[in-house]
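Here's a quick briefing to read with the model open beside you.

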Amino acid sequence: MEKVFIPIYSFEDLCEICRQADIDATRNDGLNMSRYRKDFTQDLVGKEFSCKFDDGNHLIFRFPEVNKLLWSDDDGKEFHEEYCAPMKSTAGNVIGVYFLRRAGLPFEGAFTVFDMDTGFVTWVSVTLGTHYDEKFACPMPHFGEIENFGTHEGERHHYSTDLVGKSIDWKYNEQFTIRHSYVTPTLTISPHMPEKGAEYGDDEDFIFRRFLKAFNAKIRDNLVLTSFTEPGNCAAVLLIDMNQVHDIGCFFGITHEGKLGGVTITAMGGWGDPGLKASDGYAKVQVDEE
């Protein structure tokens, strides 16, 4: 008999969790995961983007202030105001923007990548309450372009295998480091790394090892977008500069405590051993501070 998954949370539960969420607190919770982030970029202030996506979605974005976003998905008939977190990639003139979509219940998370040179755009929507490999936070990429902005030349954003076979040790702060190994275009292995200086064990000694459903997409040469769903009902969306081994991104979903979580994250990394050994350590690449 085919396995039938019964969610822990009903649709009504998810809506109630969103109603009770302290949105300001969730923003502040992300500060310890944003140690390697520069100030939010002001490059979007005063701009309006009309984005057409290949799957038929149409979103309009207005940025009146650094951390204020007005968005519409009905051709501008109605705009919704949200706090937004615009972060510039170390890879160049590319900006990732995290925000909530609270127009309906349950809320959605969103991370949108704007290539400010080509005008190509990718919007990752993270929805709650879907049957997604026994997870509740489902990230889905939508590829498209900004109308009347950028050159629209070169390769459009698309699904990619650029990360396959690679392994990165990500350092988020002094207390937390984790290894991601990108084993297929749709699967990431995530074993927890020991503390720096601790005795390294064999592959089998890794704790918290997880096989995570994922997608990988190419934004530019050496700039990739990956997203995966973790246990605990949260999805991670990461925009990775493969030259600097530095990322910007977000977590969104339901935490282990049963609360809504949505935060920006950044990390420094170093290339790990594809064999999933811990001997190489982490944070070998210094990020350019200019």
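A nonpolar core here is a set of buried Ala, Val, Leu, Ile, Met, Phe, Trp, Tyr and Cys residues joined through side-chain atoms within 4.5 Å. Buried means under 20% relative accessible area, exposed over 50%, and partly exposed in between (1.4 Å probe, protein chains only). You're looking at a predicted model, so local features need pLDDT of at least 70 and side-chain atom pairs count only at pLDDT 80 or more, while totals for chains, interfaces and linings use all residues. Residues are numbered from 1 along each chain as its sequence is written, and side-chain values use heavy atoms, with hydrogens and water left out.

**Cores**
- The largest nonpolar core has 30 residues, and Phe 111, Leu 128, Leu 225, Leu 239 and Leu 260 have the most contacts inside it.
- Strand 16 (residues 246-254) gives the most to this core, with four residues; strands (E, at least two residues) and helices (H or I, at least four) are DSSP runs, numbered from the N terminus.
- Another core, of 20 residues, lies apart from it, with Met 33, Trp 170, Ile 178 and Val 224 among its members.

**Strands 10 and 11**
- Strand 10 (residues 166-171) and strand 11 run antiparallel, joined by six bridges; two strands pair if DSSP finds at least two bridges between them.
- They make a hairpin with five residues between them, and Ile 168 has His 180 as its bridge partner in strand 11.
- Strand 11 (residues 177-184) is largely enclosed by the rest of the structure, because six of its eight residues are buried.

**Ser 72**
- Ser 72 sits in strand 3 (residues 68-72) and is buried, at 0% relative accessibility.
- Its side chain reaches the backbone oxygen of Glu 78 at 2.9 Å.
- Beyond neighbours within four places in sequence, Ser 72 is in contact (heavy atoms within 4.5 Å) with His 58, Leu 59, Ile 60, Lys 77, Glu 78 and Phe 79.

**Pro 106**
- Pro 106 is in the loop between strand 5 (94-101) and strand 6 (108-115), yet it's buried at 12% relative accessible area.
- Not counting residues up to four places away in sequence, Pro 106 touches Phe 11, Leu 14, Cys 15, Cys 18 and Leu 128.
- Pro 106 and Glu 16 are 90 residues apart in sequence but 8.1 Å apart in space, C-alpha to C-alpha.

**Cysteines**
- Counting a disulfide as a pair of cysteine sulfur atoms within 2.5 Å, you get zero disulfides.
- Cys 15 is buried at 6% relative accessible area, and Cys 138 is buried at 11%.

Technical notes
A polar contact is a pair of N or O atoms within 3.5 Å; within protein, one must be able to donate a hydrogen and the other to accept it, and residues adjacent in sequence count only if both atoms are side-chain atoms.
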